[in-house]
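Reader: I have a model open on my screen and would like to learn how to read it. Could you walk me through it?

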Amino acid sequence: MDDTYIRINGRSCYLWRAVDQRGQLFDFRLTARRNASAARAFMHQASDAVRC
């Protein structure tokens, strides 16, 4: 998992990405803030994606 700061249409966003062992992207999330609750929400979303 990693996160990066990007601008989309002039708005600042954080892009959270989850990748597997081969480096393939399997989930992402855009958030306005980079805080603990955003990280927890992404981890919950990513873990649900892995289970499917």
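Reader: In what order do the three strands lie in the open sheet?

Author: The order is β1-β2-β3, with antiparallel pairing. Strands here are DSSP runs (E, at least two residues; helices are H or I, at least four), numbered from the N terminus, and two strands pair if DSSP finds at least two bridges between them. At the edges are β1 (2-8) and β3 (25-31), each pairing on one side only. Between β1 and β2 (residues 11-19) there are seven bridges, and T4 stands opposite L15 in β2. One caution: this is a predicted model, where local features need pLDDT of at least 70, side-chain atom pairs count only at pLDDT 80 or more, and totals for chains, interfaces and linings use all residues. Residues are numbered from 1 along each chain as its sequence is written, and side-chain values use heavy atoms, leaving out hydrogens and water.

Reader: How many salt bridges does a search of the whole structure find?

Author: Side chains of opposite charge can pair when their charged atoms come close. The cut-off is a side-chain nitrogen of Lys or Arg within 4 Å of a carboxyl oxygen of Asp or Glu. The search finds three. One joins R17 and D2 at 2.8 Å, N to O, linking strand β2 to strand β1 across 15 residues. Another joins R34 and D3 at 2.6 Å.

Reader: Is R34 buried or exposed?

Author: Buried means under 20% relative accessible area, exposed over 50%, partly exposed in between (1.4 Å probe, protein chains only). R34 is exposed because its relative accessible area is 56%, whereas D3, at 28%, is partly exposed.
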